Amino acid sequence: MDVVILAAGRGSRLKDITPPYFKPLIIIDGEPLIRRLARTALRVSDGRIVIVAAPENALPLCQVLGDLPAEIVIQRQPNGPGDALLTGLRLVTSPEVQVLLGDNVVSVRDAEKIAQAAVPAVGVVLMHPAEAERYTYLAPSGCWVEKLPCDEAKTEQHLPCWVGPLKLRTDEIKAAIEHRIRNTRAEADPSEQEIPIGPLLNQQGPATLVPVSSVDVGVPAVWRPVRPLIEE
């Protein structure tokens with residue numbers, strides 16, 4: 001199974017609380033996060049490791065990856081994580097693919113659990129609705145959504161939030177992204193042309209929810225709690 005690591009983000013969610021920061025290069029336990037993710041991918045993959053980067057970040061990624069057997073492909077326009085995933089999927093040859101996010105701290109154990117789970121598989125952390133609104137979460141209706149609707153904000157039920165790795169059927173997620181791109185190509189507002197991944201999970205069939213311990217360091221609410229792990 002091939003692995004795609006998405007590392008083309010610009011860190012916009014942290015712009016008000018930290019200086020310009022390429023999150024995959026933050027140091028976790030003495031090692032750049034992207035190198036840590038690539039080593040994790042190698043533990044669970046017998047195929048290709050594909051890292052999707054922005055043009056301005058490809059060189060530093062190459063430098064920190066060193067001799068690790070990973071391939072870097074460029075997302076030329078910042079059209080969102082769905083477009084970045086499609087860019088990486090063009091190099092994938094396995095029928096199933098594991099997806100890691102370049103701003104998530106993911107343990108080998110979490111990646112192994114996703115690799116062994118029935119596809120599609122989603123790494124999840126249960127969160128109170130007040131926290132869940134910052135993530136892609138599985139609503140009580142059974143749909144994955146990007147933003148918490150007001151009527152569900154009143155419930156105390158903890159919601160499964162996507163944090164960490166995914167395992168998807170390669171052809172199905174490619175088709176879903178390409179269909180979304182065709183439908184948004186004519187929209188006038190460029191911001192509406194960004195393709196999120198979360199809603200596309202609804203087209204992959206019922207997901208296997210895999211509890212994980214992953215941490216998203218790209219969310220402002222969790223940046224401060226994980227800051228002690230991050231070295232200058």
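Start your tour where helices α3 and α7 meet: their crossing is left-handed, a word used when the near helix is turned anticlockwise from the far one by less than a right angle, with right-handed used if it is clockwise. Helices here (H or I, at least four residues) and strands (E, at least two) are DSSP runs, numbered from the N terminus.

Before you click further, note that this is a predicted model, in which local features need pLDDT of at least 70, side-chain atom pairs count only at pLDDT 80 or more, and totals for chains, interfaces and linings use all residues. Residues are numbered from 1 along each chain as its sequence is written, and side-chain values use heavy atoms, with hydrogens and water left out.

**Stop 1: α3 and α7**

Select residues 80-89 for α3 and residues 170-184 for α7; these helices pack at an angle of about 135°, with axes 10 Å apart. Axes are lines fitted to C-alpha atoms, for helices over the stretch in contact, and angles run from 0 to 180 degrees between N-to-C directions. This angle makes α3 oblique to α7; under 35 degrees would count as roughly parallel, over 145 as roughly antiparallel and 65 to 115 as roughly perpendicular, with the rest oblique.

Now show the side chains at the contact (heavy atoms within 4.5 Å). From α3, pick Gly82, Asp83, Leu85, Leu86 and Leu89; from α7, pick Thr170, Ile173, Lys174, Ile177, Glu178 and Ile181. Coloured by class, the contact of α3 with α7 shows six nonpolar, two polar and three charged residues. Here Ala, Val, Leu, Ile, Met, Phe, Trp, Tyr, Cys and Pro count as nonpolar, Asp, Glu, Lys and Arg as charged, and the others, Gly among them, as polar.

**Stop 2: α1 and its neighbours**

Next, select α1 (residues 33-44) and α2 (residues 58-65), whose axes come within 9 Å and cross at roughly 60°. That makes α1 oblique to α2, and the crossing is right-handed. Ile34, Arg35 and Ala38 of α1 touch Leu61, Val64 and Leu65 of α2. This contact of α1 with α2 has five nonpolar residues, no polar ones and one charged.

The axes of α1 and α4 come within 9 Å and cross at roughly 40°, which makes α1 oblique to α4. Again α1 passes in a right-handed crossing, this time with α4. Look for Thr40, Arg43 and Val44 of α1 against Val108, Ala111, Glu112 and Ala115 of α4.

**Stop 3: β4 and β5**

Move to strand β4 (residues 49-53) and strand β5 (residues 71-74), which pair in the parallel sense over four bridges; pairing needs at least two bridges found by DSSP. Click on Val52 and you will find Val73 of β5 opposite.

**Stop 4: two loops**

A cis peptide bond joins Val119 to Pro120, with omega about -5°. Then select Asp29, in the loop between β2 (27-28) and β3 (31-32). Its phi is near 50°, a positive value in a residue other than glycine.
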